[in-house]
Amino acid sequence: MIDQPYVYRHRELVEPDWQRLPGWADVSREDWDSAQWQRAHCVKNIRQLRQVIGGGLADRFYADLERDQAERATMSMLVPPQMLNTMVPGLSPADPGFTDAFYADPVRRYMLPVISDRHAEWPSHPHSSRDSLHEAEMWPVEGLTHRYPTKVLAELLSTCPQYCGHCTRMDLVGNPTPVIDKHRFELGREDRFAAMLAYLRANPGVRDVVVSGGDVANLPWPRLESFVAGLLEIDNIRDIRLASKALMGLPQFWLTDEVRAGMDRLAATARQRDVSIAIHTHVNSAQSVTPLVARATKAMLDTGIRDVRNQGVLLRGTNETAEQLLDLCFALLDDAKIMPYYFYMCDMIPGSEHWRLSLGEAQQLQHDIMGYLPGFATPRMVCDVPYVGKRWVHQVARYDQELGISYWTKNYRTGVELDDAFALEREYEYYDPIYLLPEAGQEYWRSHARTPVGAAS
Ligand code: SF4
């Protein structure tokens, strides 16, 4: 009998042994489980990375990382111990081959990018830009993106407990880097939150709010709870989604007594008012799904919220094969009870070319994962097309594979087109990485390239 292209096996979740890393050899289980300890011991620079991993990681890696930080990185370094511990989970730094395994690790590839990862000729696409989704243009209130007719994105804060190298919101989120400064909110926090709630009260056509950032896990809990409680008082709001990669990166936060008790209160009010609250997280690799992540998710589901869902990002080197994606989806679904939902194509921010897949590759992945997962848990591959929004990868209207340009249409006006009679007749473009194109396509871009706005190239 011939094997199926993918063979499912139930895999037990494993918390890698953090004591294998020299800097954490004496760290107790109690400390490891403490959100406070995790936050205090995040790795924020190369010196701290060396203190944790030590000389088992070759100097060439540290030098590669240092050059990337100085010349290309759009996000500063911030890796919680929980995430660092999931890199190369089966080896200690003293083991032969550790450096090569660290280079190849799927989580390392997007949390600790190095300059040799980036594409030498095309580190950035000529059409890449900061705020590549033009979210700030669609703010009726600072931080509140109104792109779709019935739903909004509330960016409450501009920090996270972890910084991902490929962050779409690199324009706003995190600390400045040597090549990218950051946009800062002008209004104070309280004024912004009040203005957001006022806008939602005044716009009964909005029923769905994604409460995001940054990551809501970085907002002091009482302030997050009072904002969500404010949403629950607005009659037209029926769906609330809390966006937190920290459910995976810092599950200890979601397991604290304060957060569990607060979510209990919010979930009870939501039930009374017939509103759905869900948590949306961001997991890109199966090895990130550990028993602590499963515990945190179950603690949240036990409060009575509607669901916990995953929105991953397709990243070369991390999850670009159907096998990697299916392993991740089954890890999420089997023991962590997280619903696979979307995989986004990586957005066109500066410095992202080596991570991005072409539209054709994303279409192939969608094809290749079909039929293995339950239908309700089969994620859609989506392209977030600038000025359009999320489109399933097979919704493309036209696709020029030589130039790597896909053309998309839409069926609603975004916040910036409410007076634009032609918005629904126009085609909107999205671009494949140039280095993947046939030679004629690459030659076209060499002769037409322009310097990307804010690019780190
Ligand atoms: S957690 Fe989300 S918002 Fe924060 S850096 Fe990562 S991708 Fe960006």
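Which residues in helix 3 meet which residues in helix 4? Let's start there. This is a predicted model.

From helix 3, the residues are I46, L49, R50 and I53. From helix 4, they are D59, F61, Y62, L65 and E66. By class, that contact has 6 nonpolar, no polar and 3 charged residues.

Now the geometry. Two packed helices are described by the angle between their axes and the distance between the axes. Helix 3 covers residues 46-53, and helix 4 covers 59-71. Their axes come within 11 Å and cross at roughly 155 degrees. That makes the two helices roughly antiparallel, because angles over 145 degrees count that way. The crossing is right-handed.

Next, the aromatics. F61 and Y62, from the helix 4 side of that contact, also belong to a ring cluster.

Across the model, the count comes to 20 aromatic pairs. Take W139 and F185. Their ring centres are 5.8 Å apart and the planes sit at 40 degrees, so the pair is tilted. W139 lies in the loop between helix 7 (106-111) and strand 1 (144-145). F185 lies in the loop between strand 2 (151-155) and helix 8 (189-202). So this pair ties together parts that are 46 residues apart in sequence. Both W139 and F185 are buried.

One more pair: Y342 and Y344. Here the centres are 5.6 Å apart, with planes at 65 degrees, so the pair is edge-to-face. Buried or exposed, Y342? Buried, at 9% relative accessibility. Y344 is buried too, with a relative accessible area of 13%.

Terms used:
Residues are numbered from 1 along each chain as its sequence is written. This is a predicted model: local features need pLDDT of at least 70, side-chain atom pairs count only at pLDDT 80 or more; totals for chains, interfaces and linings use all residues. Side-chain values use heavy atoms; hydrogens and water are left out. Axes are lines fitted to C-alpha atoms, for helices over the stretch in contact, and angles run from 0 to 180 degrees between N-to-C directions. Helices (H or I, at least four residues) and strands (E, at least two) are DSSP runs, numbered from the N terminus. Angles under 35 degrees count as roughly parallel, over 145 as roughly antiparallel, 65 to 115 as roughly perpendicular and the rest as oblique. A crossing is left-handed if the near helix is turned anticlockwise from the far one by less than a right angle, and right-handed if clockwise. Contact means heavy atoms within 4.5 Å. Ala, Val, Leu, Ile, Met, Phe, Trp, Tyr, Cys and Pro count as nonpolar, Asp, Glu, Lys and Arg as charged, and the others, Gly among them, as polar. Rings of Phe, Tyr and Trp (its six-membered ring) pair if their centres lie within 6.5 Å; planes under 30 degrees apart count as stacked, over 60 as edge-to-face and the rest as tilted. Buried means under 20% relative accessible area, exposed over 50%, partly exposed in between (1.4 Å probe, protein chains only).
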